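Let's take a walk through a protein model, one piece at a time. Keep the picture open while you read.

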Amino acid sequence: MTHAVDIAILGAGAVGQLICRQLTVAGMNVGFIGRNDLESSQQVLSFTPLASADDHQQIQAIPYSVPILTADALDNIRLVIVCVKAYQVLDALSPLLKQLPSQCHILLLHNGMGPHLALAPLINPQANGRGLSLGTTSQGVLRQAPWQIKQTGQGLTQLGHFAGAELTKHYRNALLAAIPSSEWVDAIVPCLWQKLAVNAAINPLTALYQCPNGKLAEPDFSEMIKGILDELVLVAAHDGVSLDQSFLHDRVYQVIRLTAGNFSSMHQDIAHQRRTEIDQINGYICERAQAHSLSAPVNAELWARVKQLAV
């Protein structure tokens with residue numbers, strides 16, 4: 001007997017497919033939300049696992065099948081995991097809100113910040129008991145073709161409650177059991193600010209200087225990185241989030257070292273002439289600064305320069 005799909009993923013990019021794979025392996029009934037005009041109700045995906053140090057032979061890709069759900073067939077969905085780009089969240093999710101059941105919970109899992117503030121009032125928790133959780137993941141994954149991914153690194157995944165009804169213990173436990181190195185945190189927003197600090201320092205600089213992450217360890221970049229973090233810590237404090245400046249500084253340089261050979265997502269977006277998430281990274285810092293009548297000139301300059309580059 002097949003069970004109805006009750007977990008839906010919105011966004012079939014690299015992270016969406018990785019989370020789908022992890023939930024599927026753990027025995028969850030998961031599918032992707034597709035368009036209403038889809039020709040197929042099933043999609044075969046290909047997953048290549050992370051090679052261990054002991055693996056000398058070629059790692060084989062693993063094919064597996066996942067249901068594709070149309071937007072008018074979401075009656076049984078109790079959890080939607082949103083893995084689209086930050087700037088796509090509202091446009092992708094808003095039309096679905098009226099088609100998702102009232103007890104459906106929403107989990108945002110994307111780079112950058114901002115959509116959670118716009119989305120919280122739209123889920124209307126008072127009326128229907130719906131809730132909103134937020135998450136961040138540093139798992140490494142590469143999309144090689146539309147339905148083909150390769151895991152490239154392990155990493156921490158942090159999830160936590162933000163607004164409305166809390167995610168039920170059943171789904172919380174399911175996520176933590178399925179996603180390696182995952183944890184549920186009481187205060188997720190500070191975790192998102194910490195991830196934002198890493199993205200705000202690495203992404204725009206690697207995009208502007210067309211370099212791998214490791215180049216940012218050079219002394220030429222130290223003043224700019226310090227300026228980015230100084231402004232972020234001040235803005236976060238006015239938003240009620242206390243961050244440890246020296247911890248953030250060390251964390252940024254740790255990521256630069258650990259991912260020295262990697263090209264950031266923003267670098268790749270610019271290289272492929274795609275829209276970047278700069279509005280939800282350095283732009284978010286500037287917008288929150290403005291909300292508190294502060295200035296963030298270093299982040300504002302990077303925001304403007306990347307926007308100009310992306311035109």
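## Strands side by side

Start with strand 3 (residues 42-48) and strand 4 (residues 62-69), which pair in the antiparallel sense over 6 bridges. If you want a spot to look at, find glutamine 43: valine 66 in strand 4 stands opposite. Keep in mind as you look around that this is a predicted model.

Another pair to find is strand 8 (residues 140-145) with strand 9 (residues 148-153), antiparallel again and joined over 5 bridges. These two strands form a hairpin, with 2 residues between them. Within this pair, arginine 143 has isoleucine 149 of strand 9 as its bridge partner.

Now zoom out. The model has an open sheet of 11 strands with mixed pairing, and the order across it is 8-9-3-4-2-1-5-6-7-10-11. Which strands sit at the edges? They are strand 8 and strand 11 (182-184), each of which pairs on one side only. Going across the sheet, neighbouring strands are turned by 30° against each other on average, ignoring direction.

Helix 5 (residues 169-178) lies across several of these strands: strand 1 (7-10), strand 5 (79-82), strand 6 (105-109), strand 10 (157-164) and strand 11. Helix 5 runs at about 155° to strand 11.

## Helix 6 and its partners

The axes of helix 6 (residues 188-208) and helix 7 (residues 222-238) come within 10 Å and cross at roughly 150°. Because of that angle, helix 6 is roughly antiparallel to helix 7. Their crossing is right-handed. On the helix 6 side, the contact is made by Trp193, Leu196, Ala197, Ala200, Ala201 and Leu205, while helix 7 brings Met224, Ile225, Ile228, Leu229, Leu232, Val235 and Ala236. Sorted by class, that contact has 13 nonpolar residues, no polar ones and no charged ones.

Helix 6 also meets helix 11: their axes come within 10 Å and cross at roughly 40°. So helix 6 and helix 11 are oblique to each other, and their crossing is left-handed. Here helix 6 uses Ala200, Pro204, Leu205, Ala207 and Leu208, and helix 11 uses Asn299, Leu302, Arg305, Val306 and Leu309. By class, the contact of helix 6 with helix 11 has 8 nonpolar, 1 polar and 1 charged residues.

Most residues other than glycine have a negative phi. Serine 181, however, has a positive phi of about 50° although it is not a glycine. You'll find serine 181 in the loop between helix 5 and strand 11.

Serine 293 is another case, with a positive phi near 55°. Look for serine 293 in the loop between helix 10 (282-291) and helix 11 (297-309). Is serine 293 buried or exposed? Serine 293 counts as exposed because its relative accessible area is 70%.

## One last stop: alanine 92

Finally, head to helix 2 (residues 89-97), where alanine 92 has its place. With a relative accessible area of 24%, alanine 92 is partly exposed. How far apart are alanine 92 and valine 82 in space, C-alpha to C-alpha? They are 9.0 Å apart, and in sequence they are 10 residues apart.

Key: Residues numbered from 1 in each chain as written. Predicted model: local features only at pLDDT ≥ 70, side-chain atom pairs only at ≥ 80, totals over all residues. Heavy atoms only, no water. Pairing = 2+ DSSP bridges. Helix = DSSP H or I, 4+ residues; strand = E, 2+ residues; numbered from the N terminus. Axes fitted to C-alpha atoms, helices over the stretch in contact; angles between N-to-C directions. Parallel < 35°, antiparallel > 145°, perpendicular 65-115°, else oblique. Left-handed = near helix turned anticlockwise from the far one by under 90°. Contact = heavy atoms within 4.5 Å. Nonpolar A, V, L, I, M, F, W, Y, C, P; charged D, E, K, R; others polar. Buried < 20%, exposed > 50% of the residue type's maximum accessible area, 1.4 Å probe, protein only.
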